[in-house]
Amino acid sequence: MKIKNAVICAAGFGSRLGLDMPKCLVPIGKHKLIYYLLGLLKDIENVRIVVGYKEEEVIEYVKSIRNDVIFVRNPQYASTSNSYSLYLGSKDIQDGFLTIDGDMIISPDNFTNFIEACNVGENRLGLTPSKTDDAVFVAVNDNDEAVEFSREKISNLEWSGIAYFANIKMSQVQNYVYEQLLDKLPIKTTTIDCFEIDTPNDLNLALNEIDFID
Amino acid sequence: MKKTAFCFDLDGTVTKQEILPLISKKVGLHEEINLLTDITLKGLIPFETSFKLRVKLLSSIAISVVQEVVNEVVLDENITNFIKQNKENCFIVTGNLDVWVSELISSKLGCQSFSSTALHTEDKLDGIETILNKGKAIDKVKLNFDKIVTIGDSMNDCSMFEKANVRIAYGGIHNPVNTLIKLSDYVVYNSKSLVELLENIKNEN
């Protein structure tokens, strides 16, 4: 299936990482983090990025890589959740959309697998072996469908922040994205090798382990 | 179904060139008009003051000559097509003078418009009658529409953004001014993406 729309949420403060820059602008290898995400999305026609914290810097950098991105502003980034950013970024999109967090490093091969696994009318979550400090664990059944989310370690897999929402609309309710998925379970899943950079520890782990960034 | 109106700035938004600098080439005042346009876009002098000065500088040119130049202005193809396909819901809201741009709007876009108005004696421009307050134009559009979407790039678009429901800062030929970005919901730099977004907003209800 060809995915037409993608939304990257990059509005947040990144307070847990403690750098004076948005997480999507953290230097990784030769470029900044979001450069690699845009590379993964190069064949997707409509890319949106939700911006908030230091939006001018994010817009300036992204625009120099790809000028057809639609920037969606979330000026209340400091007091709103990621699900609200995703709501702003996707509320007018009629078809399905891919969503990824703007603070992720993803294996290109695995990402391609995820895209290829997506089907029309079918929601899909990207899961990853749990490793972040603040994981949302996901229990899966024998058909690899997500059946439960938890902050407790109920499995060795965590929700990666990557998903294809064929028919799930985000609401304005202020909570975590996974909480808006509870009444949609079970949801099909694909396992992806990726890193989310929430804390200095996450960043160190990613920089030590990744071999797919030049 | 909710009725949505799309209100576009003209210069540098629908047109791919600023109109007044183009006219000024005709009378060898390009440098002066460019400077004024530049500092106005940067918000260093108010649009009204700058516009009065620019009109004064260009008032010696016959209206018909200006119209000829204006009719040659390159329009953005994607935006023009959207406007033509949604004539009933689209409005051009421009600070430019009616006698200069109304022909271009009616012949190439075919939608309704709000503009500043000129005093003229046949082909001779005598001066400015009114300078459009874009916010007041939006008030009028609101009488017949439930949802207002505004698209612009300059300081004088702020008053129309303040009255709108969905605000798109559009940097087609230069960066939108920062104040306008701070009033906006979306920031877009590519006309194909802009039209994609407009189509989505149109079908949202």
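**Notebook: where chains A and B meet, and what lies behind**

I started at the boundary between the chains. Twelve residues of chain A are in contact with 15 residues of chain B. I kept in mind that this is a predicted model.

Next I asked which elements of chain A each supply at least two residues of the side that touches chain B. They are α2 (55-65) and β5 (70-73). β5(A) gives the largest share, four residues. I then sorted the residues on this side of chain A by type. Five are nonpolar, three are polar and four are charged.

**Entry: a pairing across the chains**

I followed β5(A) over to chain B. There it pairs with strand β7 (residues 186-188) of chain B. In which sense do β5(A) and β7(B) pair, and over how many bridges? The sense is antiparallel, and the bridges number two. I looked up one partner by name: A:V72 is bridged to B:Y186 in β7(B).

**Entry: from β5(A) back into chain A**

β5(A) also has a partner in its own chain. Four bridges join it to β4(A), and these two strands run parallel. Here I noted A:V51, whose bridge partner in β5(A) is A:R73.

β4 covers residues 46-51 of chain A. Strand β1 (residues 5-10) of chain A pairs with β4(A) in the parallel sense, over six bridges. In that pairing A:A6 stands opposite A:V47.

Is β4(A) mostly covered or mostly open? I found it mostly covered, with six of its six residues buried. I then went through its two faces. One side holds A:N46, A:R48 and A:V50. The other holds A:V47, A:I49 and A:V51. Both faces are covered.

I looked at A:K54 in the loop between β4(A) and α2(A). Its phi is near 45°, a positive value in a residue other than glycine. A:K54 has 19 C-beta neighbours inside 10 Å, so it counts as partly exposed. A residue needs 20 or more to be buried.

I placed A:D144 in the loop between β9 (137-140) and β10 (145-150) of chain A. With 14 C-beta neighbours inside 10 Å, A:D144 counts as partly exposed.

I wrote down a peptide bond too. The one from A:L185 to A:P186 is cis, with omega near 0°. A:P186 lies in the loop between β11 (157-165) and β12 (187-191) of chain A.

**Entry: chain B as a whole**

I turned to chain B and its elements. It has eleven helices and seven strands. Its radius of gyration is 16 Å, close to the 17 Å that the globule rule gives for 205 residues, so chain B is as compact as a globular protein of that length. Its C-alpha trace spans about 50 × 30 × 30 Å along the principal axes. I found that 48% of the 205 residues count as buried. I also checked contacts between residues at least 6 apart in sequence: 57% of them join residues at least 24 apart.

**Entry: two helices in chain B**

Last, I picked helix α6 (residues 77-85) and helix α11 (residues 191-202) of chain B. They pack at an angle of about 25°, with their axes 8 Å apart. Angles under 35 degrees count as roughly parallel, and α6(B) and α11(B) are therefore roughly parallel to each other.

Which residues of α6(B) meet α11(B)? They are B:N78, B:I79 and B:F82. On the α11(B) side I listed B:S191, B:K192, B:L194, B:V195 and B:L198. This contact divides into five nonpolar residues, two polar and one charged.

Terms used: Residues numbered from 1 in each chain as written. Chains lettered and ligands numbered in written order. Predicted model: local features only at pLDDT ≥ 70, side-chain atom pairs only at ≥ 80, totals over all residues. Axes fitted to C-alpha atoms, helices over the stretch in contact; angles between N-to-C directions. Parallel < 35°, antiparallel > 145°, perpendicular 65-115°, else oblique. Contact = placed C-beta atoms within 7 Å. Nonpolar A, V, L, I, M, F, W, Y, C, P; charged D, E, K, R; others polar. Pairing = 2+ DSSP bridges. Rg over C-alpha atoms; globule rule 2.2 N^0.38 Å. Buried ≥ 20, exposed ≤ 12 C-beta atoms within 10 Å, placed from the backbone.
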